[in-house]
Amino acid sequence: MANVIRRQTPLARLGRMALYATLILAALFYLLPLVVMLLTSIKPLEEIRAGSLLALPLAPTLEPWAKAWGEACTGMRCEGIGGYFWNSFAIVIPAVLISTLIGALNGYALTQWRFKGSELLFALMLFGCFIPFQVVLLPMAQTLGWLGLASSRAGLILVHVVFGIAFTTLFFRNFYVAVPRELVAAAKLDGAGFFRIFWRILLPVSAPILVVSVIWQFTQIWNDFLFGVAFSGHDTQPVTVALNNLVNTSTGVKEYNVDMAAAMIAALPTLVVYVLAGKYFVRGLTAGSVKG
Amino acid sequence: MSALEINEVRKTFGNTEVLKEVSLAIESGEFLILVGPSGCGKSTLMNAIAGLEPVTSGEIRIAGRDVTWCTPAERDIAMVFQSYALYPSMTVRQNIAFGLEMRKMPRGEREAAVERVADLLQISHLLERKPSQLSGGQRQRVAMGRALAREPQVYLFDEPLSNLDAKLRVDMRTEIKKLHQRLGTTIVYVTHDQIEAMTLADRIAVMRDGEILQLGTPEAIYNDPVNRFVAEFMGSPSMNLIEATLEGDAGQGYRLRIATPGEDDLCLPWPRPTEALASRVGQRVLLGLRPEHFAEHDARLDEAAQGAPFSARVSVAEPTGADILLRLPLGTGEVTARVGPRCPAVPGERLALRIDLERAVLFDGESEQRLA
């Protein structure tokens, strides 16, 4: 804390060191599971059986990763989780884009085109953030059946979009509420309509909240297991479900290294997204007004 | 045919009546200022003209066409906002051209229009910048440029100078006046700054509580206010209002008796009798005197030509450079008098002054409406 003026007594320095030591220890402790996973995933099976959990690999190998990707058995099939990994992308990308776009339009309409009851509508939409997934499983299954979308990728996308709208609307509404209404008034006078104002005036200043919405939705949908296991078919399972099947397959030897590699593969995309866009995430959450 | 006509426009929010049957008409090329304290309905009226808020009842016509239920875009108006409302993601050039683009003007004409207004407002060197890279005064110019490029029937200015610092505000005020004289545009301009109103307007509408109290030229508003509110609102320092008792009658002439604690009563002859005065004899009235209606007693001039004599102990003298503002006890409070910079006023000492009653005004003590 360079901006705190304080005399550097030996005692104060000692206290500070103790503080940092505690923080570093806590950080290491939280990193431990990841380290164990990573180490285990590159050890041959014999080493896992013989050595300790934290021992460094003597003969590191990428074979478990290759096996997890292309050969490991998930239930009856032995094709690895690679295919399911792409399945997840095929579900997540459209679901994220659609829910973010709808959330942005909702937030825009709720703040800049207020109507009677718009605040009430927003309050009701917020309830969507608190609905437990389990509650909607049966009605959703029924609905997907009616729509002819049961066990399909489109059905799963629909479920995630519907669930995501509450959150994305919340994000965009709170962002756009800080946009001066005169901006939209000026555009109306200039002759622009609802969508044109959104596209040309508001969307270009929405980068911070777009990042927030995309990261949030991506993580939520990628990590979803319940909807994936309930509403997907054999070929449309997301990677989380495949991972579960892989780990629970009981034939043959228990290959911990392959399990860990598969878990790492399944977790990688969300990790990458955070590393690449994490700072924008924090910036977006704290971004308030749009200064002209 | 009026450029803009407002007929009995009412606007209510729930049970609150924000506009109460407002009517006015503006000729083409006229500069009208809506002035009043916050909450008087001037901005609501502006938004109603712009079409940003629907009216509850009444009619709005622009260039003879009924636009009461038209969208803002269909009304052929342009507006300059207090916050400028420049599109943050666009350059100055794109900001100015946006309205033209929406109106499907071909690219060539659009570019020419941008160059023309940029030239007019001396912002040509700023065209490629984003609004965030501009100073307050420059943003103000761009906002005006955006309005001017469209060449609409009516321009609306919503407190356009409020966000500028004092010096810039005076400069821009002059510039707006010059632009208006040069282009002959029809302007409706909202402000709460009475100096802006006096200096810019062809006509001023003073509003309070959703009503237009008085609509007239700046001179009429300043010299002939219809009631106490208008009198006090316009002018700085504001008009002195002194409690007095009306005496006399139509035949002998009326007099105003002003009781000042610790002084002899001051009795002033009222020079302009009206019929309304007859029924107010013996009652409380308010004498309205602007600071410049006081003058230093000048022994070289003819007694009669100088107005009514009055002397008081000066409590404070505030030299402004161009003149001196004096605070003097008169009636139940103190009054402000504006005298020349060489006036030998010393705080605590008596000073002989004259009151120009020819230009004074008189209000009813109860209703506060103008009597004479």
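1. Chain B is divided into domain 1 (4-233) and domain 2 (240-364), the bounds being taken from an automatic or database domain assignment. This is a predicted model, in which local features need pLDDT of at least 70 and side-chain atom pairs count only at pLDDT 80 or more, while totals for chains, interfaces and linings use all residues. Residues are numbered from 1 along each chain as its sequence is written, chains are lettered from A in the order in which they are written, and side-chain values use heavy atoms, with hydrogens and water left out.

2. The C-alpha centres of domain 1 of chain B and domain 2 of chain B lie 40 Å apart, and their contact (heavy atoms within 4.5 Å) takes 9 residues from domain 1 of chain B and 6 residues from domain 2 of chain B.

3. Between them, domain 1 of chain B and domain 2 of chain B bury about 640 Å², meaning accessible area (1.4 Å probe) lost on being put together, summed over both; 58% of the buried area is on carbon and sulfur atoms. Of the area that domain 1 of chain B buries against domain 2 of chain B, 68% is supplied by B:Tyr222, B:Arg228 and B:Ala231, more than any other three residues.

4. Across this interface the rule finds 0 salt bridges, a salt bridge being a side-chain nitrogen of Lys or Arg within 4 Å of a carboxyl oxygen of Asp or Glu.

5. A search of the whole structure finds 1 disulfide over all chains (cysteine sulfur atoms within 2.5 Å), and A:Cys73 is joined to A:Cys78 with S to S 1.7 Å. The torsion about their S-S bond is about 95°, so the disulfide is right-handed.

Technical notes
Buried area = accessible area lost by both parts, 1.4 Å probe.
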